[in-house]
Amino acid sequence: MTKQIDHLDKAILTVLDNNARLSLAEIGKQVGLSGPAVGERIKTLQHKGVIDGFGVRLDMRALGYSIQALVRIKPKSGQIRKVEKLISDEPRFMACDRVTGEDCLIARLALRDIAELDDIMFPLHECADTNTSIVKSSLFEPRLPQINISKVAR
């Protein structure tokens, strides 16, 4: 079920995506509303489940993680729960998605040094087949998808 939002909600989401630390007054200036009106809209977007939290974007290199890797994982028969636990328990896995296709999981790793890769992957090799690719660069960082404005809400 698609949540109904209007052009002002879309504008607020765009501003928040660029900098969620702006004051409500500053967001209001950018979208043409008062600060309290922005606050009410944000509360409504949270209540509707459109906004489920606020976060921070990190410069991984500044934290010492100079390498990222994508790992395709195909658990051996009956090993999916063990594989999922190994991934969940390893903090250098930043994200992991269950996917369709030949592999069951695709995960993203943060590494300080390429030598860490063996230590992380070794436990997985007992219960899964893996294929690892080192990320050379990113075309763009995570971004908002296209937001469709409800024709009803205005």
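Begin by selecting residues 5–66, whose end C-alpha atoms lie 39 Å apart and whose span is 55% helix and 0% strand, where helices (H or I, at least four residues) and strands (E, at least two) are DSSP runs numbered from the N terminus. To this span UniProt, in an unreviewed entry, assigns the feature "domain: HTH asnC-type", an annotation that may be inferred rather than shown by experiment. The model is predicted, so that local features need pLDDT of at least 70 and side-chain atom pairs count only at pLDDT 80 or more, while totals for chains, interfaces and linings use all residues. Residues are numbered from 1 along each chain as its sequence is written, and side-chain values use heavy atoms, with hydrogens and water left out.

Next, colour domain 1 (7–48) and domain 2 (60–135), whose bounds come from an automatic or database domain assignment; their C-alpha centres lie 37 Å apart.

Now select Ile73, Val83, Ile87, Phe93, Leu109, Leu111 and Met121, which touch the most other members of the largest nonpolar core, a set of 17 residues. Such a core joins buried Ala, Val, Leu, Ile, Met, Phe, Trp, Tyr and Cys residues through side-chain atoms within 4.5 Å, buried meaning under 20% relative accessible area with a 1.4 Å probe, protein chains only. Strand 1 (67–75), helix 4 (80–89), strand 3 (105–111) and helix 5 (116–125) each give two or more residues to this core. A second, separate core of 12 residues includes Val15, Leu16, Leu45 and Ile51.

Finish at Glu116 in helix 5, which is buried at a relative accessible area of 16%.

Key:
Buried < 20%, exposed > 50% of the residue type's maximum accessible area, 1.4 Å probe, protein only.
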